[in-house]
Structures are given as structure tokens and as C-alpha cells.
Amino acid sequence: MKSHEYQIFMGRLLPIALRELLPTNIWKALTELSQFFRDLSSAQFHIDDMVRLEKSIPKILYKLEKFFPPAFFNVVEHLPVHFPY
């Protein structure tokens with residue numbers, strides 16, 4: 001897949017596909033993560049959007065840490081915290 005196709009798949013199609021397969025709380029956390037990346041890569045990005053994304057990503061990652069084992073997380077999963085800045 002090309003990068004744009006991958007972005008569409010991860011941001012739009014994956015949350016829809018996983019809705020019936022995962023428990024609701026895990027599905028919501030993954031959907032929030034895909035919404036974060038969708039907002040981050042939008043054509044119009046304002047300062048208030050950046051502030052909102054900076055405040056929301058630690059909460060989203062915390063939700064994911066509750067469901068997935070610690071071995072799943074490494075330094076790469078910490079990078080979205082720095083993306084809005």
C-alpha cells in the first residue's frame with residue numbers, strides 16, 4: 001500500500017472493521033487514536049487544535065496501556081505525545 005492508502009485504512013476503515021470484534025472500551029480507545037491522527041494530518045490545523053490534541057493524547061495512550069501488555073509498548077508508542085508540538 002502507498003502511504004495515503006495506509007493512512008485512509010488506519011484512520012477510517014480500521015475502526016469500522018474492529019467495532020464488532022473488540023470490546024467497546026478497547027474499540028473506543030483505538031477510535032480515539034485514529035481520530036487523533038486524522039486531526040493531526042488535516043489540511044487546516046489551528047493553535048487551539050494543537051492544544052486540544054496535546055491534552056488528549058496522554059489520556060488516549062493511558063487507555064491503551066490499560067488493555068495491552070507492557071511488552072506491546074516501546075519508545076515508538078511514546079512519540080505521538082510530541083507530534084502536536
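## The whole chain

Of the 85 residues of the protein chain, 22% count as buried. Keep in mind that this is a predicted model.

The protein chain has 3 helices and 0 strands, and reading along the sequence gives the pattern α-α-α. Turn the model around to see its extent: the C-alpha trace spans about 35 × 25 × 20 Å along its principal axes.

Next, show the contacts. Among those between residues at least 6 apart in sequence, 59% join residues at least 24 apart.

Then colour the charges. There are 10 positive and 9 negative charges in the protein chain, and their mean positions are 5 Å apart.

## The nonpolar core

Hide the surface and select Ala 29, Leu 33, Phe 36, Leu 53, Ile 57, Ile 60, Leu 61, Leu 64 and Phe 73. These 9 residues make up the largest nonpolar core. Helix 2 and helix 3, the latter covering residues 47-67, each supply at least two residues of this core. Which helix gives the largest share of this core? The largest share comes from helix 3, with 5 residues.

Stay with one member of the core, Phe 73. Leaving aside neighbours within four places in sequence, Phe 73 is in contact with Leu 64, Glu 65 and Phe 68.

## Along helix 2

Select residues 24-40, which form helix 2, and pick out Ser 34 within this helix. Is Ser 34 buried or exposed? Ser 34 has a relative accessible area of 7%; the limit for buried is under 20%, so Ser 34 counts as buried. With residues up to four places away in sequence not counted, Ser 34 touches Met 10, Gly 11 and Pro 15. For a distance, pick the C-alpha atoms of Ser 34 and Ile 47: these residues are 13 apart along the chain, and the atoms are separated by 20 Å.

Glu 32 is also a stop on this tour, and its place is in helix 2. Glu 32 and Ser 42 are 10 residues apart in sequence, and their C-alpha atoms are 15 Å apart in space.

## A proline in helix 3

For the last stop, select Pro 58, which lies in helix 3. With 39% relative accessibility, Pro 58 counts as partly exposed. Pro 58 and His 78 are 20 residues apart along the chain, and their C-alpha atoms are separated by 9.1 Å.

Note on methods
Residues are numbered from 1 along each chain as its sequence is written. This is a predicted model: local features need pLDDT of at least 70, side-chain atom pairs count only at pLDDT 80 or more; totals for chains, interfaces and linings use all residues. Side-chain values use heavy atoms; hydrogens and water are left out. Helices (H or I, at least four residues) and strands (E, at least two) are DSSP runs, numbered from the N terminus. Buried means under 20% relative accessible area, exposed over 50%, partly exposed in between (1.4 Å probe, protein chains only). Contact means heavy atoms within 4.5 Å. Lys and Arg count as positive and Asp and Glu as negative; His and the chain ends are not counted. The place of a charge is taken as NZ of Lys, CZ of Arg, CG of Asp or CD of Glu. A nonpolar core is a set of buried Ala, Val, Leu, Ile, Met, Phe, Trp, Tyr and Cys residues joined through side-chain atoms within 4.5 Å.
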